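Please keep the sequence and the three-dimensional view at hand while reading.

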Amino acid sequence: MSAIIMDGKALAAKRKGELAKEIAALDRRPGLAVILVGNDPASRVYVTNKERDCAQCGIYSQEFALPAQTGQKALLQLIDELNRDDRVDGILCQLPLPQGYDYDQQEVLLSIDPRKDVDAFHPYNVGRIMIGDYTFLPCTPAGVMAMLDEYGIDPAGKRCVVVGRSNIVGKPMAMLLLHRHGTVTICHSRTPNLAELTREADILVSAVGKVGLITADMVKPGAAVIDVAMNRNSEGKLCGDVDFAPVAEKAGWITPVPGGCGPMTRLMLLENTLAAARANLAGRK
Ligand code: NAP
């Protein structure tokens, strides 16, 4: 195996230790409100993990677990209260919202005060990312950028290919690479000749959700291959989009799944909550 393994788990652990010290030096603990509507098991696991991360760093997280039938109006009312509560620095509403009820996800995202929008999903924050003047970045692309920086991989002047164009991963990922002077191509399900494009990439980010999508013949020798996806293979094991062992023979750097982008995504929520708390505290001085 020739590629350097980009160890997101170790990097996130190291940074969490630093964050805990920065948080301890604040006038008060940052506060994160976590809203979970319904009882989707995967969402439950995500929320529990996020709350555990907060506790480890000294962030106070308060959970609002609402039954699926709560409804849009009551959910918006809760968000309005949290928007006005000065002890709450960040608000996270775990997505997706339950199906079969009157939830309007876009309206929920719009209702969160952009200064507390630690997921960076509010259109105001999305717009700020577009112009390169932002407080919050969506956690997954921000985590990828932090990993590239840690391993000394500078996107400037490089060919970057992002596979996937979702609002939470693919599009902001492409924008961040562009801000850092990469030459960026975005691919999606209707891109013909995907392999031709991925083979040109010095930095290849795959954010699709398809086991075995990126094979060794699609990768340029020496490239940095970032696997954002979290899939289950036929044996039920967690894996990404990238055919790991053969691609690792060819790439210069590669992220494992698990232990690559996942821990970095979780870390970035903590970074965003700290940033929100700092801004909140500064605003009141
Ligand atoms: P998504 O909204 O489903 O988007 C998937 C994207 O992949 C779409 O843009 C789709 O294209 C594209 N696509 C589908 N099939 C393709 C193909 N054969 N070739 C090229 N592109 C194809 O997913 P997402 O929310 O961005 O998440 C992507 C993956 O990352 C998932 O596995 C998810 O679990 C994972 N994820 C991981 C983390 C983490 O912390 N590591 C965080 C978020 C997401 P169209 O737009 O044309 O449909």
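## Domains

Domain bounds, as used here, come from an automatic or database domain assignment. The structure itself is a predicted model. For this protein the assignment gives two entries: domain 1, covering 28-113, and domain 2, covering 139-262. Between the C-alpha centres of domain 1 and domain 2 the distance is 29 Å.

## The nonpolar core

In soluble globular proteins, nonpolar side chains tend to be buried together. Here, the largest nonpolar core contains 49 residues. Those with the most contacts inside this core are L32, L148, L177, V205, I226 and V228. Helix α10 supplies the largest share of the core, namely nine residues. Domain 1 (28-113) and domain 2 (139-262) both contribute residues, so the core lies between them.

One of the residues with the most contacts in the core, L148, may be followed in detail. Leaving aside residues up to four places away in sequence, L148 touches M6, I153, L177, I203 and I226.

## The crossing of α6 and α10

Two packed helices are described by the angle between their axes and the distance between the axes. How do the axes of helix α6 and helix α10 cross? Helix α6 spans residues 139-150 and helix α10 spans residues 261-283; their axes come within 8 Å and cross at roughly 105°. Angles of 65 to 115 degrees count as roughly perpendicular, and α6 and α10 are therefore roughly perpendicular to each other.

From α6, the residues C139, T140, A142, G143, V144, A146 and M147 take part in the contact. They meet C261, M264, T265, M268, L269 and N272 of α10. By class, this contact of α6 with α10 comprises nine nonpolar and four polar residues, and no charged residues.

## Cis peptide bonds

Two proline sites deserve attention. A cis peptide bond, with omega at about 0°, links L95 to P96. P96 belongs to the loop between β4 (90-93) and α4 (105-111). V257 and P258 are likewise joined by a cis peptide bond, and omega is about 0° there. The loop that holds P258 runs between β11 (253-254) and α10.

## Positive phi values

Where is A120 found? A120 lies in the loop between α4 and α5 (123-131). Its phi is near 60°, a positive value in a residue other than glycine. Is A120 buried or exposed? Buried means under 20% relative accessible area, and A120, at 2% relative accessibility, therefore counts as buried.

H181 also has a positive phi, about 70°, although it is not a glycine. H181 sits in the loop between α7 (170-179) and β6 (183-187). With a relative accessible area of 57%, H181 is exposed.

## The loop around K237

K237 occupies the loop between β9 (231-232) and β10 (238-239). Exposed means over 50% relative accessible area, so K237, at 54% relative accessibility, counts as exposed. Not counting residues up to four places away in sequence, K237 touches N231 and R232.

Terms used: Residues are numbered from 1 along each chain as its sequence is written. This is a predicted model: local features need pLDDT of at least 70, side-chain atom pairs count only at pLDDT 80 or more; totals for chains, interfaces and linings use all residues. Side-chain values use heavy atoms; hydrogens and water are left out. Axes are lines fitted to C-alpha atoms, for helices over the stretch in contact, and angles run from 0 to 180 degrees between N-to-C directions. Helices (H or I, at least four residues) and strands (E, at least two) are DSSP runs, numbered from the N terminus. Angles under 35 degrees count as roughly parallel, over 145 as roughly antiparallel, 65 to 115 as roughly perpendicular and the rest as oblique. Contact means heavy atoms within 4.5 Å. Ala, Val, Leu, Ile, Met, Phe, Trp, Tyr, Cys and Pro count as nonpolar, Asp, Glu, Lys and Arg as charged, and the others, Gly among them, as polar. A nonpolar core is a set of buried Ala, Val, Leu, Ile, Met, Phe, Trp, Tyr and Cys residues joined through side-chain atoms within 4.5 Å. Buried means under 20% relative accessible area, exposed over 50%, partly exposed in between (1.4 Å probe, protein chains only).
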